[in-house]
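Dear colleague,

Please find the structure below, with the sequence alongside. My notes on what was found in it follow.

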Amino acid sequence: MGCCSIELSLTNLVLFGVLFFIGKKAIKFFQKWKVEKMLEKWDEAPKDKLILHTVWRSKPMPSVSPFGLKLETYLRMAKIPYEVLNNNLDTTDPMGPKGKLPWITYQGVHVADSQLCIEFLNKKFDISLNKSASKEQLAAARACRVMLEDHFLWGLVQYRFVDNINALSQLMKIPGIFKLLLPIRSYQLKQRMISNGIGKHTPTEIYQMTGADLHTVSAVLGSKKFFGGDEPCEDDCALFGSVAQAVWGLPGSSFERLCQGELKNLKEYCVRMKERYWADWDDCRDKS
Ligand SMILES: N[C@@H](CCC(=O)N[C@@H](CS)C(=O)NCC(=O)O)C(=O)O
């Protein structure tokens, strides 16, 4: 009798395992199919227009995505035409082929990842925004970009999505159904932080570690106007995309306080970038 019940539960376990495996495969297959369908739709987009797929406009600033703000700033720096009102900025399919935003469609080609988009566009339009900066300035700017995008980002995630998820609607409009899913999103991101390693620290430790990134970036900027010197270099778009989040996109955070006080050269830098490339900053904010 006992042995029979062990056999039964073993059969159930195997059955459960098989169903779990099939379910996972089915979800993957469905996701792949959805992406293919979505890309087929964008294959038909007019070939002469560059379409920037990104998150919808937010309240304090045009984009609360560091990567979205980076790529849009790059397009402005490189003077590559995309007009928001001409519908060249798409927010219906913000997530691209790699499940992330931003991404672009140009001449039937889809490119995902802000940095890969920049490299692709540099080649397509024969652009170099690094002509006036020194080798040292470019190296320091790159190091700061990688630090902000791959390390400081987790401080932003901790503050915005883990500790203050309910305040997200102060930053951007959240459609009804998404509001219900926010706790799940918060949980997913926390899990991602744990797999990364940084999520194993306490929030205070995470804020200290990522606040130190801002100190470093501020020291590298020093009294320069831009990370490229008197003129911005290519990485200035990325540095602006991330630092602007600390200045305008994380209200009430220690990052915001740092940029208003001790590290005020970072805020001054963001204002300089904003004035230079975003004369329409307020028009690009969601004022509803
Ligand atoms: N390395 C990527 C990062 C893009 C990224 O992480 N985007 C975020 C929004 S700011 C995203 O799409 N997150 C969705 C997710 O990871 O599930 C890039 O430079 O584009």
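Helices (H or I, at least four residues) and strands (E, at least two) are DSSP runs, numbered from the N terminus. The model is a predicted one: local features need pLDDT of at least 70 and side-chain atom pairs count only at pLDDT 80 or more, whereas totals for chains, interfaces and linings use all residues. Residues are numbered from 1 along each chain as its sequence is written.

**The chain as a whole**

The protein chain has 10 helices and four strands, which follow one another from the N terminus as α-β-α-α-β-β-β-α-α-α-α-α-α-α. Its C-alpha atoms fill a box of roughly 85 × 50 × 40 Å along the principal axes. Of its 288 residues, 31% count as buried; a residue is buried if 20 or more other C-beta atoms lie within 10 Å of its own, exposed if 12 or fewer, and partly exposed in between, with C-beta atoms placed from the backbone.

**Helix H4 and what follows**

At 1.5 Å a residue, its 12 residues should span 16 Å, and the end C-alpha atoms are 16 Å apart, which agrees; the expected span is 1.5 Å times one less than the number of residues. Ser114, Cys117, Ile118 and Leu121 are the buried residues in H4. Seen down the helix axis, the buried residues fall within an arc of 100°, so they line one face of H4; the arc is that of the directions from the helix axis to the C-beta atoms. These buried residues pack against H2, strand E3 (103-106) and strand E4 (109-112), where contact requires C-beta atoms, placed from the backbone, to lie within 7 Å.

H4 is followed by Asp126, whose phi is positive, near 50°. Asp126 belongs to the loop between H4 and helix H5 (135-163), and with 7 C-beta neighbours inside 10 Å it counts as exposed.

**The sheet**

Four strands form an open sheet of mixed pairing, in the order E2-E1-E3-E4; two strands pair if DSSP finds at least two bridges between them. Strand E2 (89-90) and E4 stand at the edges with a single partner strand each, so one side of each is left without a neighbour in the sheet. E1 (residues 51-53) and E2 run parallel and are joined by two bridges; His53 has Asp90 as its bridge partner in E2. E3 and E4 run antiparallel, joined by four bridges, and Ile104 stands opposite Val111 in E4. The hairpin of E3 and E4 has two residues between the strands, and Gln107 takes a positive phi near 50° there.

**Two backbone details**

The peptide bond from Leu101 to Pro102 is cis, with omega near 0°, and Pro102 lies in the loop between E2 and E3. Lys79, in the loop between H2 and helix H3 (84-88), has a positive phi of about 55° although it is not a glycine.

With kind regards

How values were computed: Two residues are in contact if their C-beta atoms, placed from the backbone, lie within 7 Å.
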